[in-house]
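Me: I would like a close look at one part of this model, with the numbers kept in view. The sequence and structure follow.

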Amino acid sequence: MNRLPRWIDLIIIPAISLLLAMLFSGLAIWSIGEDPFNAFKIMIDGSLRSTYGWGYTLYYATNFIFTGLAVSIAFHARLFNIGGEGQAVLGGLGVALICLYIPWPHWTLALVGASICGALFGAAWAAIPAFLQAKRGSHIVITTIMFNFIAAALLNFLLIGLLKPAKVMEPATAKFPEATNLPNLHEVLGLFGIPFSKATPANISLFVAIAACIVIWVLIWHTRLGYAIRSFGQSESAAKYAGISSTKIIMITMLISGALAGMMAINNVMGEAERLVLNAAEGAGFIGIAVALMGRSHPFGVFLAALLFGFLYQGGAELAFSTSIPREMVVVIQSLVILFTGALDGMVRAPIERLYLAMQKQKTVAE
Amino acid sequence: MDQHPAIELRSISKAFGMVQANKDISMRVMPGTIHGIIGENGAGKSTLMSILYGFYKADSGEIFINGNKTLIPDSQAAIAAGIGMVFQHFKLVENFTVLENIILGVEDGRFLRPSLKKAQAELTQLANEYDLHVEPNALIEDLGVGMLQRVEILKALYRKADILILDEPTGVLTPGEADQLFRILGRLRDEGKTIILITHKLREIMDITDTVSVMRRGEMTATVKTASTSPEALAELMVGRKVLMKVDKAAAQPGDSVLQVIGLNVTDENGVHRLKDVSLEVRAGEILGLAGVSGNGQSELLEVLGGYRKATGTVTLSGEKIPLTGSGANGQSRRNMGISHVPEDRQREGLIMEFAAWENIPFGYHNAPEFQRNRLLMNNKAVRTETAGSMERFDVRPPDPRLRASGFSGGNQQKIVVAREIERNPDLLLVGQPTRGVDIGAIEFIHQQIIALRDQGKAILLVSVELDEIMALSDRIAVMFDGRIMGERLPHETDVKALGLLMAGIAKEAA
């Protein structure tokens, strides 16, 4: 047939894109007079060569799984949710409120409550742009971007006022009660006798994120709703013919998307900071877009891409910490990865497709 | 023969990826003749002409124009070689005048006025010479399709084309307009122009061409003098096997009234009145054919009945009122009532092109209980099994449920849609353009399936712009023009000419 086999599509092409990104990153590092090989070694050492490094890599990856899934499910309905950042921030607010104001007896119950509440807050924040798109045709890209700013402003307002404990200088909530503190990976893996660094923020939310991947996979490919979402995303005119309501699909998809972004807060707010600070999402909402692009909107791809970006985040932090390579260079590397895996996908894909077809042709001629 | 052919192709081959679109094609077209090229969709006709017009580069082979070897790397070169092309979809600027469109791209100098003046004079001359009258200062958007086609022909002639290629020129014309076009083509031939006519309609080939080449699966299977062949022989060459030209069907046994439409009105988003007081009835066990040039309200009628366009009026199905507005008016509730719908455009509506065949089988019926495993999950395995069965029963090739819809030929895509809708065993089947862009073999099959459903006592509303199809299948024929039903005829009491007049909006009872 006239198309690429899946293993080329899912493995070879991203791998080549990544190599290209590494090559150009190396050139950039070399051009400021640093040693690119050393730089990559530091990044790998700092993020993958110790359980301490893994702890941070996995912590970041957990954030990116949630936001990557959020963007992915919206992509399946051909909706571009750029508002993951704002939805994650609002999710943080939801998690903070439920942790602070409900006396949880045990972290397990608190985790369930916080997951639901974070999801609800994130979904609610996505619901307004979704409604405007479905009923008024306001473009969701524009409205979700705007809602990121509104979310940031709202959090500013709350954190310097209502939610800030008295006599504290910092715009942050009080520490959450001890009963809501989630076990970190050291404790979780310790149950299985696996040694893991104590000093990392990676926590049990990682497993919630992995479960979310599975749930979303089932949702997209094995339920009526997922079928309707994908149909709508592939062809709005065909969905109309089939009696699939665009309003319903846009609303439901965006609610799920917002909920996933909001659930990220159980990792960064509840699991790591254990209080709500300003700008808690730290751009994870935007990284989610790159993760979804690179992961081809497939939950498993999202998982792998999230790991990669977790590595880039942690490795980049190490790089800035232990060399004179400026922090900005880390951003350059991350951007190059996004550029090559996301935006320039076609540049790699087209020649590989031609090559593959030429090889197939030779084979058929030879036969 | 010492005269050079106007066009000679020698061993032209062209492949797209793994698909061999043209295989070693040689062809000679003598000057001053009309040469037909006929073949099923995907036989490679359009590819061959695109090579001749410089859109594609042939992988191998040579082109000779008037005996001289000519390289045609782009359409500029084709025009320079005297080749003009009239596309199926007109390439005209809507808000320009006829004259402005004609000089577009061949203006001389920086200022328009002298070019327009010169064009005006030349246009008058061309118009008289070939009987091609068009108002030069009319805006394109105000002209009908027949006129637009003339503008395209004039464009080519203005560029000094001696060889005209027309790609499926009658697809959008009424029979009357098509006759006019053929008169113009005859005139052009008499004046010494060479014309290549690409079509899939046998009748046109027989009516107007001098010679005809038949293409099948990228190869040219025959070139014959039109006078020495017959439609049956050509059809056999196209398909590679004997084809029944006429659909066998017994007389209809109409039963109770199934669909009743009374006073249906539709006004679209732009305030245009699309359906005007449409009333019709379809009974069980009969096929009502709705004829008309496309764009006269047939699509809107199907959309209303299919549940995705709002309307006012009354529609009943077996006596039960169907909601035309509000939340009850959607495709899902229509399907639950027993209305199935083969939409006019399979690629835009009937199929999700990126989905595999098996994913397209529950499309529209994805809430049906037989496709569910339990309350949460769909039963993909059952769907795949079901699809394999449907594909076998409807002779879909290749019978591979995992192949994407976009990987099937037009005819097989349509069979998937028809299979899905007919196998729901509906009380009423809405069918729009069931065989548009479908090869002859599949047309035969689809027609048989529609008639078989009728014989099971189901009601069928057939919308088609192909009069032959309407005549062959319908038990009654209604003609639409400008959103109205112009009249109803019985197929054995009318003919193409009389229907053509109704389609053009001329409702003389004498017709």
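How many residues of chain A are in contact with chain B, and how many residues of chain B are in contact with chain A?

Reply: The model is predicted. In it, 26 residues of chain A contact 37 residues of chain B. Between the two chains about 2600 Å² is buried, and carbon and sulfur atoms give 58% of that area. On the side of chain A, the residues that lose the most area to chain B are Arg224(A), Tyr227(A) and Tyr241(A), which together make up 35% of what that side buries.

As for specific pairs, 16 residue pairs are in polar contact between chain A and chain B, counting pairs with both residues at pLDDT 80 or more. The count of salt bridges between these chains is one. That salt bridge joins the side chains of Arg230(A) and Glu359(B), at 2.7 Å from N to O. Helix 8 (205–222), helix 9 (224–234), helix 10 (236–242) and helix 16 (345–366) of chain A each supply at least two residues to the side that touches chain B. By class, that side has 11 nonpolar, 10 polar and five charged residues.

Conventions:
Residues are numbered from 1 along each chain as its sequence is written. Chains are lettered from A and ligands numbered from 1 in the order in which they are written. This is a predicted model: local features need pLDDT of at least 70, side-chain atom pairs count only at pLDDT 80 or more; totals for chains, interfaces and linings use all residues. Side-chain values use heavy atoms; hydrogens and water are left out. Contact means heavy atoms within 4.5 Å. Buried area is the accessible area (1.4 Å probe) that two parts lose on being put together, summed over both. A salt bridge is a side-chain nitrogen of Lys or Arg within 4 Å of a carboxyl oxygen of Asp or Glu. A polar contact is a pair of N or O atoms within 3.5 Å; within protein, one must be able to donate a hydrogen and the other to accept it, and residues adjacent in sequence count only if both atoms are side-chain atoms. Helices (H or I, at least four residues) and strands (E, at least two) are DSSP runs, numbered from the N terminus. Ala, Val, Leu, Ile, Met, Phe, Trp, Tyr, Cys and Pro count as nonpolar, Asp, Glu, Lys and Arg as charged, and the others, Gly among them, as polar.
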